[in-house]
Amino acid sequence: MKRSLTLASVADELPEETDPTPEDAPNVGDEEGLIPTDFQILRLDLKLGPHGTSSSVGGLVSQLEKASIANLIDERIGYSLNHLDKLRTRIVDKSSKVLVTGDLNAGKSTLVNAFLGREVMPVDQQPCTNLFCEVHDASENDGVEEAHLIEDCMSKSYNREDESTFRRVAMSDIDDIVSESDGTGALKIYLKDPATASQSLLGNGAVNISLIDAPGLNRDSFHTTELFSRQEEIDVVVFVVSAENHFTLSAKEFLFNASNEKSYIFVVVNKFDGIRDKAKCKRLILDQIKSVSPKTWKESDDLVHFVDSKSALAKAAFPDAEPPKSSVPQDSFDNMLSGLRSFVLTKRAISKFLPVTTYLKNILSDLELLLSTNRIVADADIIEAKELLDRARPELEKMERAKHELEEGLGNEEDEAGNTAYQRALAILEQALERVGRGEVAVDSTLVRRPSSRQPKGVPSLPPYPGVLHAWEYASAVRKTLLSSLDLAVALAEDEARSLTSAGVEKVFKLADVHLPPSAERANRVFVPEAMFSPRNRGRPGRRGSAVVAGGVYGLGIGLAQRQDLLETSFLDVFAVHHHMAMISKHHDGDEEGFSPWGLASLGVGAVTMVGGSAVGLRSFVEGLAHIGEIFGNEQTRKWIAPGIAIATVGLGVYVIWELPHTIPKSVGIHIKASLTESELHQYHHTNLVTPQPGFAEGHALRIAKETRKVMRLAAWETRSLFGRALDERGAEVKTAEEDIARSKTALKFFDSVEERTEAVREKAALPMVA
């Protein structure tokens, strides 16, 4: 029959006769730091909680790790198995051991001497018993009276027939040995009892009885601990308490432990003769006995005796002399001795077998309690594991199905952001080049005023025309302005990419929110758009191709307006020969050798401007002479020299007044656009590149797209990491829950088998079932 208990009802389920702490019992454990638990035998002497208030089974389960509880109980079970072996030995052994113990100066040795009817054990007002003295009848030693000293009883096993295990001691030396011993040995004393078999405790003719005189409980911790362990081997405990001092804390603790195993304790209240208010003394002592050994208290008429062992010893040692005066009746000691003989001999079932029955009943009750407690824990573990499984398994299955979808979504977001950034950057920069080619600044106010723009809300404008004499400076200023506007266009394209990347990162995080479980960790990175395209990413030493700048040259990391090769002004910026020749050919049809007065006039104006400019460089001057030489080398041209000079004079005035302020920006813009869109291989020989590099617009678009993809890839990587970690965690949770359920079910089967064996032992030993 399976017993079902809850932790709250454990204490109520124990029978009254096995309850070690009745309602009116004082808190013995509180005084000694040991609070009795719900266990009888397997109790753990622990104090838990803020003030050491919890020592129950429920408190242990809730406040200690399971492994710690298991280790502690394993130790107690090992101790109980060892004790069961000793109980078996005690039942088989036909002799009985009577332990005489108590507090210091309670009169234990005097009581033993009174039992023996002679002074054998040393007696003094100060503590004098330092080792265990076990008194046997001389018949067990071939009728020879002598003492055997076992100097090291911890490492040697005593054998009366093996003299190597002991040392013989003269009876006259017992006082010195007992008084001066360091307490590590034991003394076996064999005596002839002159009393008749009907009066002798040792030589009763029925059962071999040995008296063990133990050191006082309060002498030191070593003797106290040893006494606690020795009481397991004892059949009857005679506890001697001084009527003057009552029970000390050590005495209460010892009686509590001994009564749990033996149920009944034989109590001798010594030195009762010196008490004036004997009724009050009896009442107080009986109340204390009731608190620590309820069964002994119920049988107090037979088991609790108030005597004066000193006067009893005097009467036994000198039977013919007049007995000493005493307020204790003379027959009180005889009644006590008769009661002890009856308890040991005639009530042998109580003195020898009841401790075994009590211990077996208590250990079985502890096992049933332990099984019920572990069932509660196992059932709770199964419920908790199933709850975890019900939550984690659907999440795991959902994540496994969504893994491919998430991977595809992340790839699509990365591709979309990179492609869009490339297309928009390319469109912005190509449009900027077209505007520069028309002599206009690269950006207009609408592009600068976009919400995505992080640039100043001003648009650069062309410088004012300073006059014909300063045309060269004007061309330089126009070139720098147009190059600066292209740098602004690049910055605006980067701002557009930042906005696209921000939106892309947000989409990636939304994908994570969709596919990650609610309890999973989320990304803790903060995207900072300003960190994109930062200067630290450009021109890093030792790396080529780290950034694309104007003209498609890699690794420079500077803007167009800072490049000296692009800021240098040429003659063609002031006078675009190819442009004007194309216009002349458009108005005058003819072969390649054709020439018109207007072309010659333009040539003249250009030459005059070149010579008249204050900033003409050697290179520009040589280029102008070369062009003039080519023109004059034509035969057709020589025929028109005279008319051309006249026409050039008129054209010069018209050109200076109307054309030059408009032609220079266009001419400079055409040259800038041409230099930034060229990708011939010979331009890159000095960079050791073997393939043409992309032009200005495409190069920057590729760079911006690459940076965008890098950021998107980082966001996607973090999302993948979070998803993978969450997937592993859910997998581990599912595995752990399944293992916990299987382990708990196996444990429940084991508990059932142990309970069946426990019930079988109960039936075999005819022990009552605990309700």
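Salt bridges come up 28 times in a search of the whole structure, a salt bridge being a side-chain nitrogen of Lys or Arg within 4 Å of a carboxyl oxygen of Asp or Glu. Keep in mind that this is a predicted model, where local features need pLDDT of at least 70, side-chain atom pairs count only at pLDDT 80 or more, and totals for chains, interfaces and linings use all residues. Residues are numbered from 1 along each chain as its sequence is written, and side-chain values use heavy atoms, with hydrogens and water left out.

| Pair | Closest N to O |
|---|---|
| Arg160 and Asp142 | 3.5 Å |
| Arg438 and Glu440 | 3.5 Å |

Helices here are DSSP runs of H or I, at least four residues, and strands are runs of E, at least two, numbered from the N terminus. Arg703 and Glu494 are both buried; that means under 20% relative accessible area, with exposed over 50% and partly exposed in between (1.4 Å probe, protein chains only). There's also a network: Glu146, Glu163 and Arg168 are joined by salt bridges that share partners.

Now for Arg160 and Asp142, whose closest N and O atoms are 3.5 Å apart. Arg160 is in the loop between β3 (146-150) and β4 (167-169), while Asp142 is in the loop between β2 (132-137) and β3, 18 residues apart. Arg160 counts as partly exposed because its relative accessibility is 25%, and Asp142 counts as exposed at 65%.
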